[in-house]
Amino acid sequence: MVPLSWYIVLSAIVFSIGMFGFLVRRNLIIIFLSIELMLNAVNISLVAFSHYLQSINGQILVFFVITVAAAEAAIGLAILIAFYRNKPTVEADEINLLKG
Amino acid sequence: MEEIILNKLSYPILSLIVFLPVLGALLIMFLKKARHIRWATLFVTIAAFIAALPLWSHFDKTTYKMQFVELYHWIPSMGINYFIGIDGISVLFIFLTLLLGVLSVLVSFRSIETKVKEFHMSILVMETAILGVFVSLDFLLFYIFWETMLIPMFLLIGVWGGSNRVYAAIKFFLYTLVGSLLMLVGIVVAYFYGGQTLNILALSSVQYPLHIQVWLFMAFFAAFAVKVPMFPVHTWLPDAHTEAPTAGSVILAGVLIKMGAYGFLRFSMPMFPDATVLFAWPILILSIIAIIYGAVICLAQKDFKRLIAYSSVSHMGFVTLGLFALNSQGLEGGILQMVNHGIITGALFLMVGIIYERTHTRVIADYGGIAHAVPWYAGIFMIFTLASIGLPGTNGFIGEFLIILGAFKAHMIIGVLSALGIIIGAAYMLRLYQQVFFEKLNSSYENHPLPDLNLREVITLLPLIVLVFWIGFYPETFLSYMHLSVENLIQQVNAGSGGRHLLAEYIKIFRGAF
Amino acid sequence: MSVPQFFFGYFAVMLIGLSIMVVTRKNPVHSVILMLVLFVHIAGVYLFLNAEFLAAIQIIIYAGAILVMFLFVIMLLDLKKEVTERRFLKPWPLGLVVAGTFMVFITAVLGKLTVFPEPGKYSIDRIQAEGMMMTIGKVLYTEYLLPFEIASLILLVAIIGAIVLAKKRLE
Amino acid sequence: MKYVLIPLLPLIAFAINILFGRKYIKDKAHWVSVPAVIMSFILAVGAFMDVKAGKVININLYDWIVSGNFNVTIGFLIDRLTVVMLLVVTSISSLIFIYSVGYMRGDKGYYRFFAYLSLFVFSMLILVMANNFLLLYFGWEAVGLCSYFLIGFWFDRKSAANAGKKAFVVNRFGDFGFGLGIILIFLTFGSLEYLQVFPGAHSIVGQTLNIFGHEVDTITVICLLLFCGAVGKSAQIPLHVWLPDAMEGPTPVSALIHAATMVTAGVFMVARCNPLFVLSPVAMNTVAVVGGVTAIFAATIALVQNDIKRVIAYSTVSQLGYMFLALGMGAFSAAIFHLYTHAYFKALLFLASGSVIHALHHAKHDDEQNMQKMGGLRKYMPITYLVFILATLSITGIPGLAGFFSKDEILWRAYMGGNLGKFLWFLGTTAALLTAFYSWRLIYMTFHGKFRGTQESERHLRESSPVITVPLMFLAVGAVAAGWVGIPPLFMEHGDRIGAFLAPVLGHSEGHGTHAEEFMVLGASIAVALGGWFIAHRMYIKRPELPQKIMDKFQPVHRLLFNKYWVDELYDKTIVQPLLKGSEKVILGIVDAKIIEGVVNGVPALIGAFSRRLRRIQTGIFSYYGLVMALGALIIIGTMIFLK
């Protein structure tokens, strides 16, 4: 039998890798991919809990996470396109309009 | 709850008065033409004034209790109510606010050309907020109104002000906000010490321990002293006044800074009687400094509006002096002087605004001899100058005399020093008058004729002129409202466990410390 | 080592390896392709956890829809220049340390997770008896009806938003 | 009740003129004001009859200010003292109003002039009729205000505007003390009404006040504070500086306000408060010394002035000094008597000099008030010359004329007042000598010799019109005959009728001197009057070159006197300039701008500087923000793990 903690640790590792990608990559598309990666890492743990606790709620939650992920990706990429029209770059450190 | 008399009229009159302006603001949001907006605002302010007239006739002068009270539960779980009412002290300020509201709209008819709608909405919202402050008997309600007032004023100064308006607006905002936040802390402390209620009347009857009183008094003092403004925290006032548009200056001088002194009367004194007695002396001394300092500084002013602003510092010094003399002459004089200052300084700012519309300069040296060109203007300005100096027969005299009498009662030296301010007051006002109106007509007006007052401006000033003489010759009309409330207040202060005795104790401790 | 453990080991190694490759590739197209492989492996993990329906969803939605959208976007944006430039921001070692420490913390805490509450009523046998679709459907349309509706609304908003944002401004 | 109309009529006239004068009434303003003041005069005569019959009228109109135990009414008290003042004020006002019709004709502020004059009469009447101290203060300030308006009547002249302001502010210094005195009276007696304060005065004898640890007699403090007000209003040392400058106003104003009525308000007030003053020897002596010193001080300055109105102004200050001398010696009725005679002859002097100025003005004389540019006017203006002579005879104290009786009574009373009194008598007699000299000097320089102006202006010289000369003649009658109500008992049994009339209010003035002494005093004053005349005659008629010689010989003394002892300059250097400079440089420049604003702006500036540094962290790149956020989350998680 595979213990639950293995899945959790796997999830944590994948999440951390996704987080690393999110924090340090310059390319915005890969940053989005990293976000997807983190979401999926969470999904793994959710499904694992669902299985081991014999509760269906975890799976339902994954369902919603996928929904939100899809919406987020759609909006995010749309913003990216809109932004790209104004300033043709997808590099994170060249987008500094927050500085005001 | 025996301290209140519920509203006996068939409709909630206070709520009506307070919220009429803000409803008016909603109404004018839908208007497009500047002309319509101006007339609609004027109509709303006049309507509010008329709506308040029953207060005048139905007011019961034979009691000190809160009248026309409206009391509804608001957030029962925290003991917060919608609780409003007035007594003999606040009723005068209601009328002053309403009157100056009308006049400030009238005077802006021609001077405001940009963002007319927003301007008038700001004025109306501010009127509601100020009225709310004067009627609130619940701390949360009070605080909401108190802070609401900041925003429209900030906008008035910052958007329609003079050249340095942004600096002045931010300065005004920061000063008052810092004070208010300390007061908020004080309110929270009072809430927990006073049995988890925010009812101001209930809190006034709570006996706080002395050290708590001292801390709370200081917290409230921060908010009120900035607003008054008292001596070391007065520097926002000249900037704000100078940069604000005329209507803003009028409201600022006329009622807004009265809220600080009103706070002393409504909160500091009845809630912390011992601390009040304890702090009376330092405040008296600060007041004396404000009186003389404000007056002396006026001698050096080169800017028309700034001079009047600094004279406000001096006059408000008289007000705090009277209040903290803690006897009936001082208190009544102080309250009356608040009204007087609203009338006189309000009028002076109106007059400066009127001439500024024609000349577009505030530098005193740019004027000179204009009495030749605008005799009516000069005459009316003279009336307000004399009232400001405190000449007998004008309202300024009654207030200042009572205050000096009260101060003299409190201590002779204080009385003598305060009277000194009157001498310098005459000097700077007459100096201003001479430089502006007398001597040869300034050559710059020979080619550009300077039109005298028009009908609208005369109508704007007329009520204030009437009031100057009315209070000057028959102040009893106004004093009679406050007699009992003031007596009650003095009793409350004295009911504290004899603060003078405590003061002696403190001095002993203080001496022991060295 | 049992068979499940072996398969878990395989999936774990693949997932971690693929993840690292996804976040380190220079060319985003490569990343997306690797991501596709990664999603398929995740679906495999789901199958091991008796979540067949989610495994299918994972393939269809993530691999089939979202990743394709990424590809479209990459092609919409002409990204030749970026490929040749630096991959990471300047303080990337700090990011590495943060992510690493985070991983250590999480594993340190969750790895020791032992206390289990009472098992729920959806045992594997019951689900198999009733059918996966039936079970999920029942819960989703009864207990989770409101969230479900809200999710649909979010999707609607996302659709509209994406269209509004991405379309060229009509002059 | 009808006596309320006495002050009210001029007030109505004022209101009508100021509101409608500019557009409608214009040069008919006198038709409003003159009848009003004449009506007041008639009513005042009625009041005099009533009071003479033994009535004391005390009317309370309404409560003015009520606050706690403080209560003051608007009310009038008409007793014997008031009535005398009423008659003086209304009669002289009536004459001067009529005179002004001619004098001010053609001035573009004609309506304004009459409005202000009416307001002044109203205020002055309130002042004398008040039945309490606060209303007295009201009138007191109001006459000051009118004085301000009227001195600065030709406000386009900078000197006039300055003089008005100076008068007002200097008076404020006096009023400062006066106001405090009133407050102290209230705190001591619990009331401000004369009829409650004066009877109670005896009860507080010996009561003391603690001022900086010193126990001071309360009544003395009260009296000295009240006297402060009198010093300001009646232009005594050291607040005399405003009165000479006040001559910038039109001449009728100088006559009415700065000679006959307003400046004597201080005398009236002290006399009114005599029940208080008699209880404080210190205050009485102070009053007497200030009066005596002022009398001689002002007389010396008048010796060398060249401006015709300024000479008369200093003469007024000097005469007011006499009145205070009398008050201080306890001779209250003598002071009022002198006030009354002085009103006539001094008003006459001013109006007559006004007639001269008027004539010169119409003759396009460029320096219309400088006596050095006059001379020989006798033949052009015989009536003016005649009344001038009469007034001068009266003021110098030639027997039989008004000034003689009143001045003599003062000197005699002073002489009887112990050592201090003898000294003051000596001052007063010397001042009388100087008075005689400068008065005759004025006449000789103005009317005798040859005209020193241009020939062009000489051709236009002529006597003023009847509207000016008729009031002069009336006043001349007063200047001659007004004193006949106070002939000393020495010459006539029951001669001192005014003293007897005022006795119920001001007390009897008992003297303890022999007839021989009285004759000596009398003789001395007649001698100095003639002596002064003689010297002036020698210097200005017989040997006209003499004044210049003396001037050269006593250059420093002349400079000292000509520059009025440099009192103005002293005040300017010690009070005015330090205040203005201090205000601008120190308070505004340093305290307000640097210290307070420094603290206030310093704190935000510090925060600002700090945040400018801190702002560099804000790169605007969201990844960095994310990094920091993750770091923060990590720290929180770490603490939670390791603290458990």
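Let's start with chain C and its domains. Chain C splits into domain 1 (3-114) and domain 2 (123-171). Those bounds come from an automatic or database domain assignment. The C-alpha centres of domain 1 and domain 2 of chain C are 23 Å apart.

A word on ground rules. This is a predicted model, where local features need pLDDT of at least 70, side-chain atom pairs count only at pLDDT 80 or more, and totals for chains, interfaces and linings use all residues. Residues are numbered from 1 along each chain as its sequence is written, while chains are lettered from A and ligands numbered from 1 in the order in which they are written.

Now, who touches whom? Residues are in contact if their C-beta atoms, placed from the backbone, lie within 7 Å. Chain A puts in 60 residues and chain C puts in 69 residues. On the chain A side, three helices each supply at least two residues: H1 (4-24), H2 (28-53) and H3 (57-86). Helices here are DSSP runs of H or I with at least four residues, strands are E runs of at least two, and both are numbered from the N terminus. H3(A) gives the largest share of that side, 19 residues. By class, the side of chain A that touches chain C has 43 nonpolar, 12 polar and 5 charged residues. Nonpolar means Ala, Val, Leu, Ile, Met, Phe, Trp, Tyr, Cys and Pro; charged means Asp, Glu, Lys and Arg; the others, Gly among them, are polar.

Some pairs stay apart. Chains A and B do not touch, with their nearest C-alpha atoms 20 Å apart. Chains B and C do not touch either; there the figure is 29 Å.

So what does chain B touch? Chain D is one partner: 38 residues from chain D meet 41 residues from chain B. On the chain D side, strand S1 (57-67) and helices H5 (133-151), H6 (158-189) and H25 (567-615) each give two or more residues. H6(D) gives the most, 13 residues. The class count for that side of chain D is 23 nonpolar, 5 polar and 10 charged.

Last stop: inside chain B. Helices H17 (395-410) and H20 (455-473) of chain B pack at about 45 degrees, axes 6 Å apart. Axes are lines fitted to C-alpha atoms, for helices over the stretch in contact, and angles run from 0 to 180 degrees between N-to-C directions. H17(B) and H20(B) are therefore oblique: under 35 degrees is roughly parallel, over 145 roughly antiparallel, 65 to 115 roughly perpendicular, and the rest oblique.

Technical notes: Two residues are in contact if their C-beta atoms, placed from the backbone, lie within 7 Å.
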